[in-house]
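Student: Hey, I've got a model open and want to get my bearings. Can you walk me through it?

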Amino acid sequence: MAFQRPYRGVFPVAPTIFHDDGTLDLDGQRRCIDFMIDAGSEGLCILANFSEQFVLTDEERETVMQAVLAHVAGRVPVIVTTTHFASHICAERSRRAQALGAAMVMIMPPYHGATFRVAEPAIEAFFRRVSDAITIPIMIQDAPVAGTPLSPAFLAKMAREIDNVAYFKIEVAQAAAKLRTLLELGGDAIEGPWDGEEAITLMADLDAGATGAMTGGGYPDGIRAIMDPYRAGDRAAAKRAYERWLPLINHENRQCGLSAAKILMQAGGVIRSAAVRHPLSLPHPAAQAELIELARERDAVVLRWGR
């Protein structure tokens, strides 16, 4: 299905759902997706870092991608993360995602470990090769985990000169300042300047020009409570909602991390297990309990959707 561009709004990351023994739970995955759409997600992202993409085999990635895209069935646009160090593998992953119905791919610059990086000319060539393989937009994920400096000038240059590079998820410190500069330098070539700080800095990033937010998948309704009034021109209402939801946003990111969405979904009966894959582990039970308490105080849909 063709969706209207530019893509804007709340596009949370869907967690990958496992059974207690660590095997894929595809039924749980489908329930997770249904909840996220019902709770207000305007789009979804799969196979991202918050999806534990780094603990999946290539075959499991394909299984999850097929299952999710088939189950979404065009209800909302889906972004598929296709990051890989090798240009041809990233291009093939992206081509495959498009063939299965992805609306966009999200990609980090090539990196490996603590020291394997490539210079700007190679990064630009990397994204050109991926762009040449597809016709859907590319979102460049500017993430600390990549350890690769991406200046606003370099990002704007790629947006202007590479056909499908049009969206940018800014996750680095002082994201608002970077978004402002990126928009100043890139102009209309920047189709999607997005908040990537898990909503911790969402108000600052919206004020800087962000038009999308990619957060965790546990409470899309809470992020919509901020984004909707802001887009309607009511900044004061957006700020009040931000202040209301910020304790939960902060606790998710500082205390629970990528397991937060699954903890909330299990507590609300959306999925059976909040399991993460070893060597990852769930946070302390006290941290989990406080996460659920904060969500309950805000009447998050996740805690009543599956009941």
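Student: What covers the buried residues of H5?

Tutor: The cover includes helix H4 (120–133), E7, E8 and H6. Quick caveat before we go on: this is a predicted model, where local features need pLDDT of at least 70, side-chain atom pairs count only at pLDDT 80 or more, and totals for chains, interfaces and linings use all residues. Residues are numbered from 1 along each chain as its sequence is written, and side-chain values use heavy atoms, with hydrogens and water left out.

Student: OK, and which residues of H5 are buried?

Tutor: Pro152, Phe154, Leu155, Ala156, Met158 and Ala159. Buried means under 20% relative accessible area, with a 1.4 Å probe and protein chains only. The H and E labels are DSSP runs numbered from the N terminus: helices (H or I) have at least four residues, strands (E) at least two.

Student: Why is strand E8 described as largely enclosed?

Tutor: Because six of the six residues of E8 (residues 165–170) are buried, the rest of the structure largely encloses this strand.

Student: Which strands pair with E8?

Tutor: On one hand there's E7 (residues 138–142), parallel to E8 over five bridges. There's also E9 (residues 192–195), parallel to E8 over four bridges. Two strands count as paired if DSSP finds at least two bridges between them. Look at Lys169 in E8: Gln141 stands opposite Lys169, and Lys169 also stands opposite Trp194 in E9.

Student: How does the chain get from E8 to E9?

Tutor: Through helix H6 (residues 175–186), in a right-handed β-α-β crossover. Right-handed means that, with the strands pointing away from the viewer, the path from the first strand over the helix to the second runs clockwise.

Student: Zooming out, what's the strand order in the sheet?

Tutor: It's an open sheet of eight strands with parallel pairing, in the order E1-E10-E9-E8-E7-E4-E3-E2. The edge strands, E1 (9–10) and E2 (44–46), each pair on one side only.

Student: Changing topic: which residue does UniProt list for "binding site"?

Tutor: The unreviewed UniProt entry lists Met214. Positions follow the numbering used here, feature names are shortened, and annotations may be inferred rather than shown by experiment.

Student: Is Met214 buried or exposed?

Tutor: Met214 has 0% relative accessibility, so it counts as buried. Met214 lies in the loop between strand E10 (212–213) and helix H8 (220–231).

Student: What is Met214 in contact with, leaving aside neighbours within four places in sequence?

Tutor: Contact means heavy atoms within 4.5 Å. The partners of Met214 include Phe11, Cys45, Met139, Lys169 and Trp194.

Key. Buried < 20%, exposed > 50% of the residue type's maximum accessible area, 1.4 Å probe, protein only.
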